[in-house]
Amino acid sequence: MTSSTSSSRSRNPSSGPRSTPDRFANSSSFSSNSAPPESDSRKPDSGRNPLTVAVRSIAGAFISCFTPPETAERKNLIVSNESRTPSVSSEVSRTTSGRRGSNGGIYSNARKESGPGNMKFTMDEILKATRNFSPAFKVGQGGFGTVYKGRLDDGSLVAIKRAKSCVYDKHLGAEFQSEVTTLAQVEHLNLVKFYGYLEQGDERILVVEYVTNGTLREHLDGVHGKELDFAARLDIAIDIAHAITYLHMLAADMDSGATHVSTQVKGTAGYLDPEYLRTYQLTEKSDVYSFGVLLVELVTGRRPIESKREHKERITPRWAMKKFTDGDAISALDPCLEPAARTNLALEKILELALQCLAPRRQSRPSMRSCGEVLWSIRKDYREQSALGFRSLSSSQRSVSVKEE
Ligand SMILES: Nc1ncnc2c1ncn2[C@@H]1O[C@H](COP(=O)(O)OP(=O)(O)OP(=O)(O)O)[C@@H](O)[C@H]1O
């Protein structure tokens with residue numbers, strides 16, 4: 001989504017929403033076991049901007065760095081090397097209050113005790129972990145800057161994100177610290193763990209958990225083997241909705257009620273709330289918009305912007321919404337997915353939700369919590385229908401109306 005510290009792993013510049021809380025997302029792991037967000041009357045969807053500059057910077061990562069959900073499908077996707085990343089150890093996270101480092105052990109790193117917002121790295125440590133920012137350790141380049149893979153002294157594998165000098169407005173000196181303070185408080189199974197930071201001279205560096213499973217885009221493209229099945233995509237959507245809901249609640253707690261104006265676009269094309277262009281403000285509802293784009297991406301398998309396609313298909317959300325409103329949702333379904341009555345039903349409901357998320361006016365968009373609840377209900381129906389044994393349709397029936405068997 002829109003921010004400056006993204007930890008996304010997308011290798012495609014057009015992938016990975018960038019508006020508010022996706023930046024540190026890992027999406028998934030607990031998906032199939034996750035409960036719908038609990039209602040919280042303390043934090044109504046007020047429509048105010050709960051995202052401080054700092055929190056806004058969290059945004060943007062949820063799409064890219066993710067661990068596929070716990071489904072049969074996942075077993076084929078997951079990296080079996082247990083020593084690689086804590087993000088694949090969902091069971092560990094679920095069953096222990098302690099966290100595990102990339103080396104598989106509970107953190108022995110003294111930084112854990114150093115407390116949120118106080119996890120400072122020295123330049124020596126960063127240089128050692130990245131072999132002096134060796135190009136061989138570079139894993140990506142994003143709006144925030146350059147991302148390196150590194151290993152800390154305790155063996156933890158981390159992503160070291162070195163900000164471009166233009167990312168932090170010199171006039172907003174507190175922006176980085178504010179961001180760090182927020183990141184240090186984020187603890188969610190679907191969000192990459194924040195290890196610490198370095199602020200020295202012009203250098204601004206963030207150290208976060210390294211995600212080895214690849215990006216959502218890669219999994220949608222089948223780069224790691226079989227494409228994600230529909231159930232897995234639904235799980236991912238729910239996990240992301242939960243993660244953003246969590247971030248919105250966090251942000252609401254921290255929000256001072258100030259108005260947050262950003263004139264520096266930090267998002268990724270295709271995901272950015274169009275209202276931002278009018279107001280220069282990012283709100284929770286900007287994330288909802290980006291989430292709508294993500295929903296479309298998940299079910300169509302297409303990138304938000306498909307510049308090589310014919311004109312009317314280039315902006316994927318617009319194309320998919322047209323299909324949906326024309327009553328032809330099924331033709332927007334990712335051709336990799338097997339059409340089935342239950343899938344088509346869920347597809348329609350997901351696109352309906354996406355339509356609401358993509359509403360041009362912010363006030364018409366649902367809250368993230370509500371998105372999670374709707375998706376939860378869609379998944380419940382989908383599973384029930386799967387259990388009832390709805391049979392698949394052949395691809396040739398894709399364009400005809402679906403009748404339940
Ligand atoms: N935590 C991580 N673990 C592994 N690889 C990562 C991680 N974070 C980022 N990367 C890699 O670095 C690339 C750039 O990430 P980064 O988050 O800076 O850019 P982005 O996802 O394009 O977002 P933005 O442009 O908004 O900053 C990603 O595409 C990914 O390949």
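What follows is a friendly conversation about how to read some features of this predicted model.

Reader: How many helices and strands does the protein chain have?

Author: Helices (H or I, at least four residues) and strands (E, at least two) are DSSP runs, numbered from the N terminus. Here the protein chain has 13 helices and five strands.

Reader: What share of the residues of the protein chain count as buried?

Author: Buried means under 20% relative accessible area, exposed over 50%, and partly exposed in between (1.4 Å probe, protein chains only). Of the 405 residues in the protein chain, 58% are buried. Strand S5 (residues 203–209) is mostly covered, with seven of its seven residues buried.

Reader: Which strands pair with S5?

Author: Two strands pair if DSSP finds at least two bridges between them. Strand S3 (residues 157–163) runs antiparallel to S5, joined by five bridges, and Ala 159 stands opposite Val 208 of S5. Strand S4 (residues 194–200) is also antiparallel to S5, with six bridges; there, Leu 198 has Ile 205 as its bridge partner. S4 and S5 form a hairpin with two residues between them, and Gly 201 in the turn has a positive phi of about 60°.

Reader: Why does Arg 131 count as exposed?

Author: Arg 131 counts as exposed because its relative accessibility is 51%. Asn 132 counts as exposed because its value is 57%.

Reader: Which residues touch the most other members of the largest nonpolar core?

Author: A nonpolar core is a set of buried Ala, Val, Leu, Ile, Met, Phe, Trp, Tyr and Cys residues joined through side-chain atoms within 4.5 Å. The largest one has 43 residues, and Phe 230, Phe 291, Leu 295, Ile 350, Leu 351 and Leu 375 touch the most other members. Helices H7 (216–220), H8, H10, H11 (316–325), H12 (341–357) and H13 (368–388) each supply at least two residues of this core. Apart from it lies another core, of 17 residues, among them Phe 176, Tyr 197, Val 208 and Tyr 210.

Reader: What is Ile 350 in contact with?

Author: Contact means heavy atoms within 4.5 Å. Leaving aside neighbours within four places in sequence, Ile 350 is in contact with Phe 230, Leu 234, Leu 295, Val 299, Leu 375 and Ile 378.

Reader: Which residues of H11 are buried?

Author: They are Thr 316, Pro 317, Trp 319, Ala 320, Met 321 and Phe 324. What covers them includes H10 and H12. Just after H11, Gly 327 takes a positive phi of about 80°.

Notes
Residues numbered from 1 in each chain as written. Predicted model: local features only at pLDDT ≥ 70, side-chain atom pairs only at ≥ 80, totals over all residues. Heavy atoms only, no water.
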